Amino acid sequence: MPARGKGTLDLFPDLEAGKVQSSLEFDENLRGQGYALVAGVDEVGRGPLAGPVVAAAVILEAGLEYPGVGDSKKLTASARERAFWFILRRARAVSLGLVDQKEIDRTNILRASLKAMVQAVSALKPPPDYLLVDGNFPLPLSLPQQAVVHGDSRSLSIGAASIVAKVVRDRMMTAYDRQYPEYSFAAHKGYGTKEHLKALELCGPCPLHRLTFKGTLGSNEHEPAS
């Protein structure tokens, strides 16, 4: 997605940039090595008991600042929304990948997560010439790449991807809440909170639930939604 103009916007006057902005080190070092189009890749939704895993890939424009963009887990929901629109306006390219709960059950969550990230990278236009992938595992692609542990707080482009993936998945789960109101998906986004586990005990799983996850049957796959 083309960037619209240069400069920065004061979208985050209530935040100290150092607390939420990811490092430019990975991105700038790679550009210095001749990789002009560096894509950050991240996924959201490995831990929930319900819903898809969503991945995003983002190529940021070189030379621009992205205030407030960083690890999505360190941002409030409202800050993520503001950063999300800022990224869409200013990034060179943004794309998404998605694997649903049925395929997660057929394979496993790691394979599903990697597949969603491959989908996101494959949809980027222009295509990247280097990948920064959040986590321990590289993607099964021929592109030069680096897996970066805690990459969403160490690379600006991965941080941007984490925000896009998180906002999109949260919106999906909020929409599903209207279809399955008894589970309160809008509140916990499918994670194994006490409220969600209680609803599962009362109602059983719905078509969105991952039946291979132990928490779906009342166990302990917990991660609070933020």
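Reply: The protein chain has eight helices and five strands, where helices (H or I, at least four residues) and strands (E, at least two) are DSSP runs numbered from the N terminus, and along the sequence they follow the pattern α-α-β-β-α-β-α-α-β-β-α-α-α. This is a predicted model, in which local features need pLDDT of at least 70 and side-chain atom pairs count only at pLDDT 80 or more, while totals for chains, interfaces and linings use all residues. Residues are numbered from 1 along each chain as its sequence is written, and side-chain values use heavy atoms, with hydrogens and water left out. Of the 226 residues, 52% count as buried, meaning under 20% relative accessible area with a 1.4 Å probe and protein chains only, whereas exposed means over 50% and partly exposed lies in between.

Strand β2 (residues 53-59) pairs with β3 in the antiparallel sense over seven bridges, a pairing that requires at least two bridges found by DSSP, and Ala 57 stands opposite Ser 95 in β3. Ser 95 belongs to the covered face of β3 (residues 93-99), together with Ala 93, Gly 97 and Val 99, while Val 94, Leu 96 and Leu 98 form the uncovered face.

Most residues other than glycine have a negative phi, and most peptide bonds are trans. In the loop between α5 (109-122) and β4 (130-134) lies Pro 126, and the peptide bond from Lys 125 to Pro 126 is cis, with omega near 5°. His 150, in the loop between β5 (145-148) and α6 (156-179), has a positive phi of about 55° although it is not a glycine, and at 57% relative accessibility His 150 counts as exposed. Ser 184, also not a glycine, has a positive phi of about 60° and sits in the loop between α6 and α7 (185-188).
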